[in-house]
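Keep the 3D view open and follow each part as it comes up.

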Amino acid sequence: MPPVITTHKNTDFDALASTIGAKILYPDAKIVLPKQVNPNVKAFLSIHKDLFDFDDPDQIDMDGVDQLIVVDTNKWERLDGVEMFRDRKGLTVHIWDHHSIEGDIDSSWSCVETVGATITLIVKQLQKERKLITPIQATLFLAGIYEDTGNLSFPSSTADDAYAVAYLLERKADLTVVGKFLSPAYGEKQKDILFKILKTGIREKIRGFTVCFGRMEIKGHVQNLALVVSMYKDIMNADASFGIFTTQNGKRTIIIGRSSTDGLDMSLLMRSLGGGGHPGAGSALLKKVNPDTVEEMIRELINGNQQASVQISDLMSFPVVSIAADAKMQEVARLLREKGCTGVPVVDKDEKLVGIISRRDFKKIRRRSDLKKPVKAYMSTNIRTIEPGMSPGQAARIMVRYDVGRLPVVAGDGRMIGIITRSDTMLYFYDLLPD
Ligand SMILES: [Mn+2]
């Protein structure tokens with residue numbers, strides 16, 4: 001009996017490509033696609049369907065099947081049309097997947113690696129077995145990698161994904177076709193919604209982030225709402241945007257979030273609302289809620305979910321070398337020499353930050369006796385500081401905007417509790433932090 005290849009509901013390009021790729025590895029297998037596929041995949045299939053060998057599930061004798069190949073997922077609940085296999089005795093299951101989250105499908109063999117796309121793993125195997133890939137197959141496989149890795153720009157992308165891309169281009173993958181099917185449909189409906197929320201939405205500062213909220217009642221099914229929310233964020237030049245869409249007279253509310261800052265993790269935020277997603281994108285579906293309440297919940301989550309992501313307090317150095325405001329300039333000179341630094345923060349008796357004194361300030365010294373004068377006479381009081389709960393991204397932005405290499409970290413009561421330098425933030429961005 002032929003094996004069956006299947007994949008997850010709301011099939012995306014990676015999932016579709018992986019079924020076609022798997023069919024080359026398991027030539028006599030039949031492909032069973034879920035009923036629900038993503039809109040852009042549907043558009044692709046409407047043109048290419050005959051070129052690929054899909055099977056009508058009704059035409060397959062499912063009773064005789066003793067091997068199942070699952071690609072791009074490892075959870076039963078994400079499959080569709082293969083329920084009869086769930087408790088089948090003697091069924092051999094192979095899994096090809098790139099999701100690190102553990103699923104509930106027991107496999108006798110699996111190829112699971114955390115690469116950007118499942119099709120990357122399959123392409124690697126095809127290459128190893130020297131299987132022929134046609135230009136159209138190469139095009140579909142490339143679309144799979146590009147969609148899941150954001151054209152190799154998402155942090156989940158790996159060298160293996162890039163090698164697979166190179167190989168597929170060599171096999172004549174067509175970038176024009178890839179671009180055409182990956183650029184999502186932005187139509188009249190989406191445009192109307194975008195214009196409406198641009199007009200009625202609100203933009204505000206929450207915990208230092210620019211966040212905007214757009215709300216709308218929608219009728220019927222609208223595709224690609226996520227694209228609208230993403231464009232909304234870009235046009236408003238915000239760190240994050242939320243679309244709160246109600247349907248059927250408030251029976252259902254879908255919340256879609258997009259974030260372009262590491263300080264606002266959409267997957268954490270949406271998980272708190274019962275949904276999920278990635279750090280940059282997430283969504284949740286709520287029943288019978290007031291949009292006002294939803295907005296308020298999101299505000300509270302943003303204000304409260306600081307512990308989730310890396311904060312300045314995780315990166316800063318402390319204790320900080322500092323000097324008292326009434327210390328003499330000659331003491332400063334000695335301290336700078338000893339510590340080999342270019343400047344030190346100045347604090348008052350209560351450890352409150354009052355200024356910063358650096359080598360430059362010594363230029364203001366005219367005669368020797370000036371060295372006996374107190375630091376507060378020479379220090380600069382125009383200081384940029386940062387709060388411990390802010391994100392490394394915010395620190396980097398302040399450093400770039402004001403051209404400063406170090407930021408004192410000041411707690412709510414004005415006490416200086418640490419300092420963060422350019423190299424601390426660089427370490428964070430280059431992932432050199434110890435776990
Ligand atoms: Mn995938």
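Predicted model: local features only at pLDDT ≥ 70, side-chain atom pairs only at ≥ 80, totals over all residues.

Ile 5 has Ile 31 as its bridge partner in E2.

**The parallel sheet**

In general, strands of a sheet pair through backbone hydrogen bonds, either parallel or antiparallel. Five strands make up an open sheet here, in the order E2-E1-E3-E4-E5. Their pairing is parallel. Which strands stand at the edges? They are strand E2 (30-32) and strand E5 (109-112). Each has a single partner strand, so one side of each is left without a neighbour in the sheet. On average, neighbouring strands of this sheet are turned by 20° against each other, direction ignored.

**Helices on that sheet**

Helix H1 (residues 13-25) lies across E1, E2, strand E3 (67-71) and strand E4 (92-97). H1 runs at about 165° to E1. Helix H3 (residues 118-128) also packs on the sheet and touches E3, E4 and E5. The direction of H3 makes about 110° with that of E4.

H1 and H3 pack against each other too. Another helix pair is H4 and helix H6 (residues 175-182). The table sets out both pairs.

| Helix pair | Angle | Axes apart |
|---|---|---|
| H1 and H3 | about 20° | 8 Å |
| H4 and H6 | about 50° | 9 Å |

Take H1 and H3. Their angle of about 20° makes H1 roughly parallel to H3. Their crossing is left-handed. On the H1 side, the contact includes Asp 14, Ala 17, Ser 18 and Gly 21. On the H3 side, it includes Thr 118, Ile 119, Ile 122 and Val 123.

Next come H4 and H6. With an angle of about 50°, H4 and H6 are therefore oblique to each other. H4 passes H6 in a right-handed crossing. Thr 139, Leu 142, Ala 143, Tyr 146 and Glu 147 in H4 meet Val 177, Val 178, Phe 181 and Leu 182 in H6.

**The nonpolar cores**

Look inside next. The largest nonpolar core has 44 residues. Which members touch the most others? They are Ala 17, Phe 141, Leu 142, Ala 143, Ile 145 and Leu 168. Helix H4 (residues 135-149) gives the most to this core, with seven residues.

Follow Leu 168 as an example. Leaving aside its neighbours within four places in sequence, Leu 168 is in contact with Val 123, Ala 138, Phe 141, Leu 142 and Ala 173. Another core, of 25 residues, lies apart from the largest one. Among its members are Leu 194, Ala 238, Phe 245 and Ile 298.

**The mixed sheet**

Turn to another open sheet. Six strands form it, in the order E6-E7-E8-E9-E11-E10, with mixed pairing. Strand E6 (202-206) and strand E10 (276-277) stand at its edges. Each has a single partner strand, so one side of each has no neighbour in the sheet.

Strand E9 (residues 252-259) and strand E11 (residues 281-287) pair in the antiparallel sense over seven bridges. There, Ile 255 stands opposite Ala 284 in E11. Helix H8 (residues 225-235) packs on this sheet and touches strand E7 (209-217), strand E8 (240-247), E9 and E11. The direction of H8 makes about 140° with that of E8.

Finish with the loops. Where is Lys 9 found? Lys 9 sits in the loop between E1 and H1. Lys 9 counts as partly exposed, with 17 C-beta neighbours inside 10 Å. Setting aside neighbours within four places in sequence, Lys 9 is in contact with Pro 34, Gln 36, Arg 78 and Asp 80. Lys 9 and Thr 73 are 64 residues apart in sequence, yet 9.7 Å apart in space, C-alpha to C-alpha.

Is Arg 130 buried or exposed? Arg 130 is exposed, with 6 other C-beta atoms within 10 Å. Arg 130 lies in the loop between H3 and H4. Arg 130 has a positive phi of about 50°, although it is not a glycine.

Glu 351 also has a positive phi, near 65°, in a residue other than glycine. Glu 351 lies in the loop between strand E13 (343-347) and strand E14 (353-358). Glu 351 is partly exposed, with 15 other C-beta atoms within 10 Å.

Note on methods:
Residues numbered from 1 in each chain as written. Core = buried A, V, L, I, M, F, W, Y, C linked by C-beta atoms within 7 Å. Buried ≥ 20, exposed ≤ 12 C-beta atoms within 10 Å, placed from the backbone. Helix = DSSP H or I, 4+ residues; strand = E, 2+ residues; numbered from the N terminus. Contact = placed C-beta atoms within 7 Å. Pairing = 2+ DSSP bridges. Axes fitted to C-alpha atoms, helices over the stretch in contact; angles between N-to-C directions. Parallel < 35°, antiparallel > 145°, perpendicular 65-115°, else oblique. Left-handed = near helix turned anticlockwise from the far one by under 90°.
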